[in-house]
Amino acid sequence: MSVELTRTAAILKAAGKGKLAEKLRIRGESIRKGIWEHGVVMHKRYGEVFAFEVDGYGSSIIMDDANLPSLLALPLMGFVEKDNKVYQNTRKMILEQAGNPYYLEGRAFAGIGGPHIGLQSAWPMSRLVQAMTSDDDEEISDALHDVRDSSRLGLIHESIHVGRITDYTRSWFAWANSVFAQTILDVAARKPHLLFGKGAEPYRIE
């Protein structure tokens, strides 16, 4: 919300709506400051991390959900840079079962799920976000291969049982397929060799 309010303020300012733009800018900055002040908590294993939820009384929920927006997707939304220390601590935490109760691993698939689909089904969309927020070639390739290999109908499912890729929800999920396209374009621009082979030039749609 803080990012979108700031972006909207810039648009309004350019359109000559300075007074309204300033109100939105202040509101966005207030939310950002509140997140950094109250939404960052100390984890005994991972250090300073972003909480999924806080209640304003000192309690917090430590987890992440596969939906967007998510903690994993914070750099994609423009809230932090990928190399931000708090984000990196958070990313490590939510991509491990020890840190995130909804990070699920099985013999067939792995990824982040969520409280609304139980503890056996992970969302391929979370692996795509994982790829877009990584600079590690192996991590990106593994994520793309896992999503590809679990999409036997040629389209991305909503969720996949981590023990059986034939057990899924939604034969196709438009949201996840859109994120897949976004991921391929991202990798083509940043890591073209992973898609097109050694020496490939970056591919960008201007």
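1. Start with helices H5 and H6. In this predicted model, helix H5 covers residues 124–132 and helix H6 covers residues 137–149. Their axes come within 8 Å and cross at roughly 155°. Angles over 145 degrees count as roughly antiparallel, so H5 is roughly antiparallel to H6. As for handedness, the crossing of H5 and H6 is left-handed.

2. Now for who touches whom in that pair. On the H5 side you'll find Pro124, Arg127, Leu128, Gln130 and Ala131. They meet Glu139, Ile140, Asp142, Ala143, Leu144, Asp146 and Val147 in H6. Sorted by class, the contact of H5 with H6 comes out at seven nonpolar, one polar and four charged residues.

3. H5 has another helix to look at: H7, residues 174–190. Here the axes sit 9 Å apart, and the packing angle is about 20°. Angles under 35 degrees count as roughly parallel, so H5 and H7 are roughly parallel to each other. The crossing of H5 and H7 is left-handed.

4. H5 brings Met125, Leu128, Ala131 and Met132. H7 brings Trp175, Ala176, Val179, Phe180, Gln182, Thr183, Asp186 and Arg190. The class count for the contact of H5 with H7 is eight nonpolar, two polar and two charged residues. If you go back to the H6 contact, Leu128 and Ala131 of H5 are listed there, and they turn up in the H7 contact too.

5. On to the strands. S7, S8 and S9 form an open sheet of three strands in the order S7-S8-S9, with antiparallel pairing. The edges are strand S7 (121–122) and strand S9 (164–169), each of which pairs on one side only.

6. A closer look at the S7 end of that sheet: strand S8 takes in residues 159–161, and two bridges join S7 to S8, with the two strands running antiparallel.

7. Last, a single side chain elsewhere. Where does histidine 43 sit? Look in strand S1, which spans residues 40–43. The histidine 43 side chain reaches the backbone nitrogen of arginine 45, at 3.0 Å. Setting aside neighbours within four places in sequence, histidine 43 is in contact with Val49, Ile62 and Met93.

Notes
Residues are numbered from 1 along each chain as its sequence is written. This is a predicted model: local features need pLDDT of at least 70, side-chain atom pairs count only at pLDDT 80 or more; totals for chains, interfaces and linings use all residues. Side-chain values use heavy atoms; hydrogens and water are left out. Two strands pair if DSSP finds at least two bridges between them. Helices (H or I, at least four residues) and strands (E, at least two) are DSSP runs, numbered from the N terminus. Axes are lines fitted to C-alpha atoms, for helices over the stretch in contact, and angles run from 0 to 180 degrees between N-to-C directions. Angles under 35 degrees count as roughly parallel, over 145 as roughly antiparallel, 65 to 115 as roughly perpendicular and the rest as oblique. A crossing is left-handed if the near helix is turned anticlockwise from the far one by less than a right angle, and right-handed if clockwise. Contact means heavy atoms within 4.5 Å. Ala, Val, Leu, Ile, Met, Phe, Trp, Tyr, Cys and Pro count as nonpolar, Asp, Glu, Lys and Arg as charged, and the others, Gly among them, as polar. A polar contact is a pair of N or O atoms within 3.5 Å; within protein, one must be able to donate a hydrogen and the other to accept it, and residues adjacent in sequence count only if both atoms are side-chain atoms.
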